[in-house]
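Subject: Structure handover

Hello,

Here is the structure you will be working with.

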Amino acid sequence: MAKRNIQLLDGAAGTTMWEHTDDRGPVWRYNIEHPEIPEMVAKEFAEAGATIVTTNTFSANAPTVGRNSGYSVEEIVSKGVKIAKDALRGTDVKVALDCGPLAALLEPFGDLTHEECRRIYEQMISAGMSENPDLIYLMTFMDLDMMQIATDVAKQYHVPVFCSMTFTEFGATLMGNTVDQIVGTLAPMGIDAIGLNCSLGPDTALPIIRQFKETTSLPTIFKPNAGKPISNGQAETRLYTPEGFAKDFVPAFEYADYVGGCCGTNGVYLAAIRHELEHYQQ
């Protein structure tokens with residue numbers, strides 16, 4: 001039986017960049033201070049087989065950039081897209097503008113208003129789109145309301161929009177959003193792929209990607225962790241060998257249309273996934 005054409009996404013830009021430097025600050029600073037690092041990682045993922053590589057812009061939003069540097073969102077984000085495009089020039093690999101969640105919580109759980117949240121994403125996405133990436137990837141959101149705001153902004157640019165949220169082992173996000181709620185909210189907005197990334201390993205995330213596939217006809221995204229999420233400037237602890245990580249992906253190939261890795265997934269881990277994927281698709 002012919003297998004579906006599953007596409008390989010990239011790995012974890014942040015943790016992989018940290019493997020190339022002792023400077024463990026916010027990785028978006030590298031776009032200005034050490035552009036050779038995100039360039040190196042984009043090439044590493046492409047050489048490992050990724051067909052889509054994300055930009056080094058995940059948390060480069062106004063509250064974070066303003067609090068931690070004298071740089072502007074516009075220069076950080078536009079440079080992040082330019083670095084990836086230049087690194088991948090001459091290849092068929094696509095560049096995805098990477099946007100993550102904000103650190104603040106939306107009202108009524110926090111102080112962030114919906115209007116301010118929208119302004120932050122308008123600034124960030126506008127900056128990235130000035131360099132013409134191929135698509136926008138909104139990832140690692142745990143709040144469906146925030147994802148909905150970011151998606152509404154992203155859809156204004158008429159490029160493909162991918163959305164993935166991060167789940168607990170209990171099958172919902174930390175804000176209590178379920179797969180049914182996520183699909184019911186985002187699918188009607190006209191997004192191009194939906195799924196999960198971060199927090200869980202490929203084995204524990206399997207029931208969630210299965211539920212996505214059973215709930216929607218949209219292409220599905222599966223980008224679990226090879227290690228624990230990074231925190232406090234410390235590298236993650238990997239929970240899998242590259243081979244073990246990739247073997248645990250095999251059952252998910254039945255349900256996922258795009259596969260890749262999050263925290264801890266470098267080029268070696270990504271190449272191992274590619275090996276299993278090529279074998280599966282023979």
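A disulfide is a pair of cysteine sulfur atoms within 2.5 Å. By that rule, the whole structure holds zero disulfides. C117, for one, is in no disulfide, since the nearest cysteine sulfur, that of C99, is 11 Å away. C117 also counts as buried, at 0% relative accessibility, where buried means under 20% relative accessible area, exposed means over 50% and partly exposed lies in between (1.4 Å probe, protein chains only). For C262, the closest cysteine sulfur is in C198, at 4.0 Å, which is too far for a bond. C262 is buried too, with a relative accessible area of 9%.

Before the rest, some notes on the source. This is a predicted model, in which local features need pLDDT of at least 70 and side-chain atom pairs count only at pLDDT 80 or more, while totals for chains, interfaces and linings use all residues. Residues are numbered from 1 along each chain as its sequence is written, and side-chain values use heavy atoms, with hydrogens and water left out.

Next, the aromatic rings. Rings of Phe, Tyr and Trp (its six-membered ring) pair if their centres lie within 6.5 Å; planes under 30 degrees apart count as stacked, over 60 as edge-to-face and the rest as tilted. The count under this rule is nine aromatic pairs. One of them joins F162 and Y258, a tilted pair with 4.8 Å centre to centre and 55° between the planes. F162 is in strand β5 (residues 161–165) and Y258 in strand β8 (residues 258–259), so this pair ties together parts 96 residues apart in sequence. Helices (H or I, at least four residues) and strands (E, at least two) are DSSP runs, numbered from the N terminus. F162 is buried, at a relative accessible area of 5%, and Y258 is buried as well, at 16%.

Another pair, F222 with F249, is edge-to-face, with 5.4 Å centre to centre and 75° between the planes. This pair links distant parts of the chain, 27 residues apart: F222 belongs to strand β7 (residues 220–223), and F249 to the loop between α10 (242–247) and β8. Both residues of the pair, F222 and F249, are buried. They also belong to a cluster linked by ring pairs, made up of F222, Y240, F245, F249 and Y269.

Last, the arginine. R29 sits in the loop between α1 (13–18) and α2 (30–33). R29 counts as buried, at 13% relative accessibility. Leaving aside residues up to four places away in sequence, R29 touches D23 and H34, where contact means heavy atoms within 4.5 Å.

Regards
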